[in-house]
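Please read them with the structure open.

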Amino acid sequence: MVEKLKIASFDFTCCEGCQLQLTNREATLPDFLGLLDVRNFREISSERYDDYDIALIEGSISRQDEVDRLLKIRKQAKILVAFGTCACFGGVNSLKNKLPVKELIDEVYPGMTIETLPVRKISDLVKVDLFIPGCPVDKREVERIVVNLVKGSQVKLPKYPVCVECKAQLTTCLFELGEICLGPVTRAGCNAVCTSGKTPCLGCRGPAEEINMAAFLELVKERRLNLDDLQEKLAFYNAFEPFQNHEA
Amino acid sequence: MIYKVISKKEFTGFIDALVRSNSSFGPRQVDNDLRGNAVYQFQPVHSVDEIAFDYSATASSAKHFFLPFQEELSRFLFHDGDWEQQITYEANPVVLIGLRACDISALNILDDVLLNGHFPSPSYLARRKNSFVIGMDHLPLADCFCKSMNHHTVTTGFNLFCSDIGDHYYLSINSSKAFSFLREFETRDPNYDDNCMLVERRKRIQNGFQTEIDVTALPTILDIEFDSPVWEKWGDKCLNCGTCAMVCPSCYCYSLTESFATSLNGASREKKLYSCNLVDFAVVAGGHNFRPKKGDRLKYRYYHQHRGFAENANQQICVGCNRCGRACLAGINPKDVINDLRMEKESCMTCASSSPRKI
């Protein structure tokens with residue numbers, strides 16, 4: 001018998017879609033749940049316990065009460081996992097940071113008192129032990145990582161970009177169709193699900209290791225593609241923040 | 001080899017019969033690129049009219065029919081404190097239509113590496129033996145350089161090769177299977193005119209190349225230029241995306257992963273085609289990366305492609321299809337890289353003194 005992972009799943013500013021992925025892939029679901037002792041996960045159970053070892057954090061942080069809750073979880077968790085793009089990078093929510101908070105409240109909740117903060121990724125506030133990116137996360141990858149944690153083996157994400165997986169599906173390169181695609185600079189592991197459906201990659205899994213952003217910008221310029229479109233795509237999930245200061 | 005001539009109409013009937021009763025793949029248009037050019041790939045075909053016989057080149061090669069991008073090599077079952085390994089070499093028979101001479105040459109090179117070495121690959125062998133390869137000649141595209149690599153013609157490695165001689169195909173029949181299939185269709189022995197047409201066709205192909213790369217003594221030049229700044233120059237452009245190796249008909253490097261089943265009562269060993277340009281290609285246990293620099297990784301791809309490894313008797317494995325050059329978003333292509341390297345060498349030669357005198 002293996003020791004089950006005492007796991008808890010928490011949602012912050014997000015759509016809870018990543019957590020829902022945990023219940024996906026029905027064929028291996030019984031085996032998967034067999035590895036877990038679910039202590040707290042509101043999407044599947046109303047039972048709640050505070051004695052967990054692994055905490056999956058979904059979502060970004062956008063309110064003071066979220067900060068407090070996250071700090072409390074960090075104290076309890078032995079392994080804290082940034083689960084999904086919002087937790088890893090801030091995600092789509094980060095678009096909020098482009099405008100002053102007051103302006104946003106007046107637009108979305110006119111005349112109401114709203115307590116809100118600029119959006120932050122989890123690692124801005126607490127130490128993160130493991131990142132599982134994706135919008136949503138890929139259940140196969142989650143399963144593999146959970147098995148690694150159970151067996152105590154090394155947890156790894158692909159280091160190379162999406163192009164490797166995209167080419168394996170014989171997809172026509174979206175640059176050849178006149179689009180800007182972040183595939184060449186984005187971490188693989190999604191099996192090129194967007195690009196093989198002819199939708200340009202928006203980089204939800206964040207930068208691949210040691211990307212060549214200078215060469216990527218050069219390619220966009222040389223093909224005379226829209227640089228505003230590029231900046232918008234790079235900013236979409238806030239995953240390329242460290243690379244966005246490049247002269248475009 | 002047996003030679004026959006078949007009318008294009010009869011040929012169409014032959015191919016149609018073949019694809020209707022077999023799992024078959026041939027060139028099909030999958031897109032139009034932004035310049036309005038058709039994009040082709042080897043795709044499943046169910047009747048002859050789905051095949052684009054007049055295609056230019058497929059964006060990806062036919063390699064994956066023999067070396068899948070991803071395959072499970074073996075499975076392990078755990079029970080009673082012991083384990084058992086399961087290996088199967090099942091390969092469903094496939095018909096592959098329309099491969100170019102360079103594509104077939106690439107298969108012959110893969111045969112050398114994967115079948116004729118010390119450790120033949122059973123899964124490659126199963127797929128190679130269970131394939132029926134029909135080659136078709138074509139007039140070179142502007143950037144094809146297979147003639148420089150001497151792979152613009154091919155004499156082995158296929159079941160049937162078709163040369164276009166106007167209203168007919170001149171067939172080179174290289175297997176008894178192909179010969180028996182063709183017996184049910186109307187063919188004739190080539191006559192004097194057919195032979196003339198074939199020679200003409202070959203001349204047209206031979207003289208149609210617009211791109212040539214001087215590969216004489218290239219292995220030596222690569223050795224001499226090991227520390228050339230050319231590598232860093234091109235490496236700086238490289239996106240490390242691995243596209244070149246994925247579309248290449250002869251790149252065969254791979255990664256191997258072993259993983260537990262979610263049930264924990266078994267495991268799987270999986271092989272994935274990889275590329276020497278990928279950042280962790282040369283990472284070893286403990287995390288050390290033998291090739292942390294982009295330029296070094298690019299260099300080793302050229303070394304493998306154009307200098308060869310001991311396992312294939314130091315033969316170049318590049319066949320000159322230029323798929324890598326076409327697919328590279330950063331504009332890296334064998335012609336420019338190799339010419340750059342040669343320029344480097346030649347500029348150095350201008351300052352060299354005349355040959356040493358006899359003493």
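1. A residue is called buried if 20 or more other C-beta atoms lie within 10 Å of its own, with C-beta atoms placed from the backbone. Helices (H or I, at least four residues) and strands (E, at least two) are DSSP runs, numbered from the N terminus. The model is predicted: local features need pLDDT of at least 70, side-chain atom pairs count only at pLDDT 80 or more, and totals for chains, interfaces and linings use all residues. Residues are numbered from 1 along each chain as its sequence is written, and chains are lettered from A in the order in which they are written.

2. Helix α8 of chain A spans residues 213-222, and Ala215(A), Phe216(A) and Leu219(A) in this helix are buried. Seen down the axis of α8(A), the buried residues line one face of the helix, because they fall within an arc of 105 degrees (the arc is that of the directions from the helix axis to the C-beta atoms). An α-helix has 3.6 residues a turn, so residues three or four places apart point the same way.

3. The buried residues of α8(A) pack against α7 (229-237) of chain B. Just after α8(A), Arg224(A) has a positive phi of about 55 degrees.

4. Between the chains, 31 residues of chain B are in contact with 29 residues of chain A (contact: C-beta atoms, placed from the backbone, within 7 Å). On the chain B side, α8(B) gives the most, with three residues.

5. In chain B, an automatic or database assignment gives domain 1 (2-61 + 89-207) and domain 2 (218-349). Their C-alpha centres lie 28 Å apart.

Definitions and conventions:
Contact = placed C-beta atoms within 7 Å. Buried ≥ 20, exposed ≤ 12 C-beta atoms within 10 Å, placed from the backbone.
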